[in-house]
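Trainee: I have a chain on my screen and want to learn how to read it. Could you take me through some features, one at a time?

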Amino acid sequence: MEKRILGNGLEVSAVGLGCMGMTHTFGAAADKQEMTRIIQAAVEHGYTFFDTAEVYVSDDGSDEHNEDLVGAALKPYRNQVKIATKFGIAFKPSGGFIYDTRPEKIRASLEASLRRLQTDHVDLYYLHRYDPEGHIEDVAEVMGQLIKEGKILHWGLSTVTEDVIRCAHAACPVTAIQNIYSMLERDTESLLPVLEELHIGLVTHCPLAKGFLTAAYDKHSIFPEGDWRGRMELFTEGGIQKRQAVLDLIQSKAREKNATPAQISLVWLMGKKPWIVPIPGTRKMERMIENGGEAEVHLTEGEIAEIDRALDDLGCTAEAAVWCRDNGIMSGISGTAFSPNTTMTRAMLAAVLYRAAGSPAVTGSADFSDVAADAYYNRAANWASANGIISGYGNRRFGSNDPVTREQIAAILWRYDGSPAAGRGTDFADESSIASYAGQAVDWARAEGIISGMDGNRFVPQGQATRAQVAVILHRYLTRGAAVTPPADTTQPGHDTSGSKILIAYFSRAGENYNVGVVEKGNTAIVAEMIAEKTGGNLFEIRPTTPYPSDYNEMLEIARQESSQNARPEMADSVTNMADYDVVFLGYPIWNGDMPMIVYNFLETYDLSGKTVLPFSTNEGSGLAGTQGTITSKCSNATVLDGLAMRGQTAQNDRSAAEQAVESWLKDSGILDRTPSTPNTPSQNTSSTDFDLEKGTVTLNNGIEMPILGIGTYTLSNQQAENSVYWALRDGYRLIDTARIYGNEEGVGRGIQRAIDEGLVTREEIFVTTKMWTSDFGNGAAAIDASLRRLNLDYIDLMILHHSQPSNDVDAYKSMEQAVSEGKLRSIGLSNYYTAEDFDRLVNATTITPALLQNETHPHYQSTAMKEHLKQYGTVLESWFPLGGRGHTQELFNDPTISSIAAAHGKTSAQVLLRWHLQAGNIAIPGSSNEAHIAENFDIFDFELTDAEMQRIAAMDQNRRHASY
């Protein structure tokens with residue numbers, strides 16, 4: 001087999017063998033003897049490059065380790081081959097990664113890998129995933145030491161961005177990057193110039209898209225239990241159908257070259273650069289031999305470029321879409337995106353046909369109840385109704401947002417063409433399912449070649465039509481005869497609203513999303529389109545030049561890196577006429593408790609002075625997450641109105657509720673009727689008179705006295721929690737915080753009982769808080785009893801709902817109200833409710849006002865607006881992450897403001913931060929398993945911060961959360 005050079009001299013076979021799937025990912029581990037035979041046969045067929053990792057352990061409970069398999073199989077050939085393995089992560093049971101790149105952990109991982117691989121060195125040692133909270137320079141330093149010691153010969157990085165690559169390479173030269181790269185996932189192409197510049201090789205994992213590009217799977221394929229592909233959208237009927245054009249392209253080229261689809265896919269990758277090495281995996285001998293047979297297949301540079309163009313076209317720029325756009329009939333959802341898979345609505349279709357007819361004058365009005373006078377499709381709907389093309393439903397409804405079915409499109413186009421006669425032709429397989437009103441229309445559309453059948457000669461009459469399908473149908477119809485004269489204005493639909501011009505700028509991401517699965521259109525894009533429909537505003541999608549990956553965990557890692565580096569990702573497009581707009585909507589998802597960093601770039605790129613700005617976010621419980629205040633501060637010369645926060649689940653799955661929320665918000669904001677609205681101005685209040693700093697307590701709105709400084713137990717084991725609680729009670733703490741999901745309520749209970757047994761405290765002096773987890777909301781009464789049992793207590797002083805969950809949190813809260821009446825709970829409250837709207841939603845549906853709201857709060861996220869809102873209820877705020885948390889604790893400890901104040905008082909940074917919380921009116925519950933730290937954190941009642949010091953800390957507010965929940 002041909003050889004290739006990676007980086008600074010690592011010679012490997014042009015195709016490597018990825019060994020992960022032999023024990024991991026694809027169900028139970030494969031037969032060890034057979035996998036050994038395949039690995040050893042690969043050596044005989046010219047493979048010299050084998051890939052494994054520390055975390056590749058069988059999913060079936062057998063603990064079959066991939067490194068054991070690879071090491072034993074390659075032992076007889078060790079001097080002929082290069083072995084790559086990886087370190088730095090462990091898998092969480094709930095998904096995602098646990099990062100650990102401490103020097104001692106790296107060395108321990110390497111020693112374990114060397115033992116399993118039965119070797120004295122690793123040829124290429126990758127950092128499996130970059131820890132966004134860590135420092136890549138520290139990892140690179142350890143790699144340099146290991147290279148000097150001869151334990152590794154080269155090092156690399158997996159799934160990383162340009163910034164990380166450059167930083168790591170500057171500290172210790174990197175030999176190779178291992179990223180996903182295939183015909184279906186081409187994001188890595190943006191890194192090729194960087195890798196070429198730095199002389200770093202690229203090893204591509206999943207080069208065959210987990211087998212999809214072999215064309216060996218269809219909608220009938222069944223995967224064994226435990227095979228991840230069985231849960232992937234890629235291998236569903238819809239997923240395969242969506243990408244069928246790519247498979248057709250590969251299969252066509254394979255037939256032309258007398259090769260397999262897999263070989264075409266691999267040769268296309270390798271033809272990009274001479275330093276790219278794919279590592280396809282397999283459990284089959286014949287596939288290993290086939291994948292290594294690339295030398296028999298050749299693609300010229302011209303053929304590779306041709307495939308690239310075809311792949312680009314298959315994305316969303318098919319001939320029909322381009323033709324419709326160029327003729328002013330169908331514009332894109334944004335300046336560059338056609339959004340082919342978006343469902344076509346009746347309003348959209350009316351607008352499209354109206355433009356195709358040349359936008360004729362319209363007199364009178366059909367007076368539809370659901371067609372607003374200022375809707376962009378108003379004239380189109382009246383024209384379509386007046387000409388008998390699209391009629392209303394008979395109850396004054398046009399059905400503006402109702403999806404259009406395939407049979408409806410046939411009927412509408414048939415009427416548009418004058419209802420011509422047509423022969424019946426050959427029946428579709430599902431002809432009997434076509435409604436009688438559409439029968440003649442379907443015959444006509446079939447005879448004219450305008451609408452063809454789908455797989456199995458089915459018409460699928462009730463199937464919802466997409467924008468791509470409508471573009472193709474219109475292209476066929478309108479190009480049968482005379483050319484269409486484009487309307488004078490071919491811009492995106494939009495018009496003045498009482499003298500205002502409106503822009504809806506938004507960032508959104510399709511693919512795998514938290515809590516909603518894999519989606520073709522991002523949550524925020526859906527809300528943006530609703531706003532555009534109701535206001536007639538122009539849409540502008542904020543797109544990064546380097547798209548985010550579709551995989552949720554990979555995206556989240558990149559987002560965390562960008563946030564930790566305060567990056568400003570480059571925007572692919574620009575608004576050339578921002579001065580023309582006086583109302584700007586700005587939409588974004590909430591990532592890691594903040595706006596994506598590209599939205600910061602947008603805000604800093606454009607001058608929004610004098611404009612009205614309305615934020616809107618999609619989230620799964622974090623609301624606007626403080627971004628309202630961020631935008632207000634960045635747009636100091638603009639009028640920033642209260643924003644809209646919508647759950648992604650609502651946007652994706654409940655269009656009626658989503659539209660109602662959008663319309664209500666627009667009316668409340670005065671946008672639909674243009675009545676002035678008051679801008680949101682967060683309070684800057686930094687103190688509270690409710691806290692008794694001498695006693696260290698606050699009186700809750702139910703008259704119960706609560707300590708204002710406590711011990712938190714998040715991440716502690718039962719044994720650690722027992723010790724920490726005991727030490728805390730011994731040192732004077734009287735507030736203890738835990739939660740069902742922490743898994744340590746039993747340890748907390750033991751620590752309390754231990755202190756009581758030793759006479760350190762009585763039960764009545766202790767204030768115990770625990771939280772009900774979201775999965776328990778459906779049976780709150782049982783959850784309360786279970787917590788009481790685990791804590792070994794007769795009552796709980798405060799129980800909190802751990803997260804907002806509108807589907808059933810009201811029911812859970814009512815179960816806590818019942819427990820109050822039964823004496824099981826003394827007080828009840830909430831946690832992780834980050835908007836006034838979300839908080840009020842629950843308050844208005846229940847009886848007992850929450851005594852406390854526990855939210856992330858620290859100097860970088862001071863919760864000022866929410867605290868101001870809570871005053872009307874007498875609800876106090878409690879801070880989790882009071883010292884910053886999530887890798888930000890040292891950042892706050894070392895902050896010049898905090899450290900200088902600490903030095904002035906002879907206190908530690910932790911003590912200053914906690915004292916600030918109490919003087920600012922925040923209950924604080926710092927967590928620790930360190931006996932000395934627990935004592936230190938409580939020693940804060942002998943000094944006081946001055947007003948000037950409080951103001952200095954107040955000025956540190958960035959409205960930036962450090963967590964994403």
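**Reading the chain**

Mentor: Start with a helix pair. The axes of helix H25 (residues 745-757) and helix H26 (residues 780-791) come within 7 Å and cross at roughly 45 degrees. Axes are lines fitted to C-alpha atoms, for helices over the stretch in contact, and angles run from 0 to 180 degrees between N-to-C directions. Helices (H or I, at least four residues) and strands (E, at least two) are DSSP runs, numbered from the N terminus. This is a predicted model: local features need pLDDT of at least 70, side-chain atom pairs count only at pLDDT 80 or more, and totals for chains, interfaces and linings use all residues. Residues are numbered from 1 along each chain as its sequence is written, and side-chain values use heavy atoms, with hydrogens and water left out.

Trainee: How are H25 and H26 oriented to each other?

Mentor: Angles under 35 degrees count as roughly parallel, over 145 as roughly antiparallel, 65 to 115 as roughly perpendicular and the rest as oblique. H25 and H26 are therefore oblique to each other.

Trainee: Which residues meet in H25 and H26?

Mentor: Contact means heavy atoms within 4.5 Å. From H25, Glu745, Glu746, Val748 and Gly749 meet Ser787, Arg790 and Leu791 of H26. By class, this contact has two nonpolar, two polar and three charged residues. Ala, Val, Leu, Ile, Met, Phe, Trp, Tyr, Cys and Pro count as nonpolar, Asp, Glu, Lys and Arg as charged, and the others, Gly among them, as polar.

Trainee: Now sheets. In what order do the eight strands of the open sheet run?

Mentor: Strands of a sheet pair through backbone hydrogen bonds, either parallel or antiparallel. Two strands pair if DSSP finds at least two bridges between them. Here the order is E24-E25-E26-E27-E28-E29-E30-E31, with parallel pairing. Strand E24 (710-712) and strand E31 (922-924) are the edges, each pairing on one side only. On average, neighbouring strands are turned by 30 degrees against each other, direction ignored.

Trainee: Where can I see one pairing?

Mentor: Take strand E25 (residues 735-737) and strand E26 (residues 767-772), parallel over three bridges. Leucine 735 has phenylalanine 767 in E26 as its bridge partner.

Trainee: Which strands does H26 lie across?

Mentor: H26 lies across E26, strand E27 (796-801) and strand E28 (825-831), at about 140 degrees to E26. Helix H32 (residues 909-920) also packs on the sheet, touching strand E30 (876-880) and E31.

Trainee: Is strand E10 buried or exposed?

Mentor: Buried means under 20% relative accessible area, exposed over 50%, partly exposed in between (1.4 Å probe, protein chains only). Five of the five residues of strand E10 (residues 176-180) are buried, so E10 is largely enclosed by the rest of the structure. Ala176, Gln178 and Ile180 are buried on one side, Ile177 and Asn179 on the other. Strand E9 (residues 155-158) runs parallel to E10, joined by three bridges. Threonine 236, by contrast, is partly exposed at 35% relative accessible area.

Trainee: How many of the residues reach a pLDDT of 70 or more?

Mentor: pLDDT is the predictor's confidence in each residue, from 0 to 100. The chain averages 84, and 88% of its residues reach 70 or more. Residues 481-500 fall below 50, yet this stretch has 42 contacts in the model beyond near neighbours in sequence.
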